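Okay, thanks for waiting while I got the screen working. Let me put the model up and walk you through a few spots in it.

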Amino acid sequence: MKKRSITFYALSNFQSLLDDMVVPAERALHEAIQVSPLVHSDEAKKQKVENLLKEMRLSAATVRRIKEVFISEMNKGIHQQPSSLQMENTYIPELIDGTEEGQYLALDLGGTNFRVLLVELQHGKIMREKVKKYEIGSHLRIGSGYPLFDYLAECVSDFVINEGLQDTELPLGFTFSFPMVQHALDIGMLVTWTKSYNCPDVVGKNTVQLLREALARRGDTKVKVNAILNDTTGTLIQGAMSDPKTAIGLILGTGSNACYVERADRVEHWEVERHGEKEVIVDIEWGAFGDNGVLDFIKTDFDRENDANSILVNSFTFEKYIAGKYLGEIVRVILARLYKDGLFLSSKVTPNALLTPGNLTTDLVSHIEQDTVDGGKKNTVEVLSKFGVTIDEDDINVVQYVCEVASNRAALLVSICLAYLLERINKDDISIAVDGSLFKHHPRLETWMYKYIRLLAPGRKFKLVLAEDGSGKGAALVSAIAQRLQRRID
Ligand code: BGC
């Protein structure tokens, strides 16, 4: 009896000790995630605007809940249970080790441009590189996939022949920045298209095979595709070349995703023979996080409308909250709603341009956010003038407020996931290699991310390192790694 009450006393003391620790941490988080208050000449309107955007602002408790859901989905995904996180094995168990030599080709497909690169490596370092961009018209991005793959092969030939390398055997790494199921380092079956691509007949097919066949149909080069990878993987590998502490690759661009170095014994989906690998890169495919409804508690009407206006409705829930392809549209949807409610733009002229989906791109959001950083309004006026509307001081403040709320939510969501990855990888000091137009051009994301990750993963040492063009150079590096691994098996 006595023992029990001592235990009880100790436990309740422990609980209050915990509360003392948790409550300030919760308070700090709550304070840190506040956005600057809206400045408005009309108090009633100000409150209405703030009220309408209330659900876009996550509370500390919601932040914790998102983290729990992310952890649970990651664990289910890695254990091959139904989950919105694919947790795909990339079959890349090692980084560059300094022995890589020679010439490698890389293809980078994922954004609007398609690029071919030639990279020359000496002792695992890039000594020379040549890059050529090719445009991919929308007629190739939407429709049958065969013309698309023929075009990719045509660009490869054009590049290789221009370099006078048509008779040289060249290994090629293919960055294919879409979700795929990997059966091996050179087998990637497309799960679904994302961003601005939709060629239904490629879904479920091995895209390496499609590329090999298209190259064979031409038969004018000796290119050998030996690896397929995601842009996040390329970014991680490229980041690790200059900073060996790199263990996470992050893309915050048109789309968004991350990969990380996982313990090999935790990875169940492994279709090729194992060779005592200790670690392996896992592609999370977090763009689809929440596609099974687990994140519905943060979905607002604005998100529903953003989704309805997208090419692939009801998919890529998380990506639609955070990525460059969608952030501008979220802001536009909110502004259109505020206009309809009489809370934005008093002009008599209907702002048709603003009411049209897709007309406010994310680069404009970044441009407006720069004003908030500088305490100015020049960019905001410039952006709004593109929409042909007359604005006053209140309108400027409303637009800046909406841009901040939407951008801040994106930064917070990404940080929640990154903070957990730091915990999961559990190394002393971790570098996160980042690439993508949104990260590079948004003036506040990086600062917010540092602040939020520090609060959500207290005591963890990390840094965000820009790894430009990881999706290009990284593919060549992965091709070199693939060759090294193959030689070891042979
Ligand atoms: C794709 C990912 C990719 C990300 C960043 C997403 O839409 O599904 O595979 O890594 O975009 O490009």
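So, K320 is buried, with a relative accessible area of 5%; buried here means under 20%, exposed over 50% and partly exposed in between, with a 1.4 Å probe and protein chains only. Before I go on: this is a predicted model, where local features need pLDDT of at least 70, side-chain atom pairs count only at pLDDT 80 or more, and totals for chains, interfaces and linings use all residues. Residues are numbered from 1 along each chain as its sequence is written, and side-chain values use heavy atoms, with hydrogens and water left out.

K320 lies in helix α9; helices are DSSP runs of H or I with at least four residues, strands are runs of E with at least two, and both are numbered from the N terminus. What does the side chain of K320 reach at 2.6 Å? That's the backbone oxygen of L312. Such a polar contact is a pair of N or O atoms within 3.5 Å; within protein, one must be able to donate a hydrogen and the other to accept it, and residues adjacent in sequence count only if both atoms are side-chain atoms.

L312 itself sits in the loop between α8 (301–308) and α9 (317–322). Skipping neighbours within four places in sequence, its contacts (heavy atoms within 4.5 Å) include W193, T194 and K320.

T194 takes us to the ligand. There are 15 residues around it, and the closest are T194, K195, N230, D231 and E285; to be listed, a residue needs a heavy atom within 4 Å. The side chain of D231 has an N or O atom 2.5 Å from a ligand oxygen. For E285, a polar side-chain atom is 2.6 Å from an oxygen of the ligand, and for E319 the side-chain N or O distance to a ligand oxygen is 2.9 Å. The protein covers 98% of the 310 Å² of accessible area the ligand has on its own, by Shrake-Rupley with a 1.4 Å probe.

Now W193 again, for the aromatics. The whole structure gives 14 aromatic pairs, meaning Phe, Tyr or Trp rings (six-membered ring for Trp) with centres within 6.5 Å; planes under 30 degrees apart are stacked, over 60 edge-to-face, the rest tilted. F176 and W193 have ring centres 5.7 Å apart and planes at 70°, so they're edge-to-face. F176 is in strand β5, while W193 is in the loop between β7 and α6. F176 is buried at 0%, and W193 is buried at 1%.
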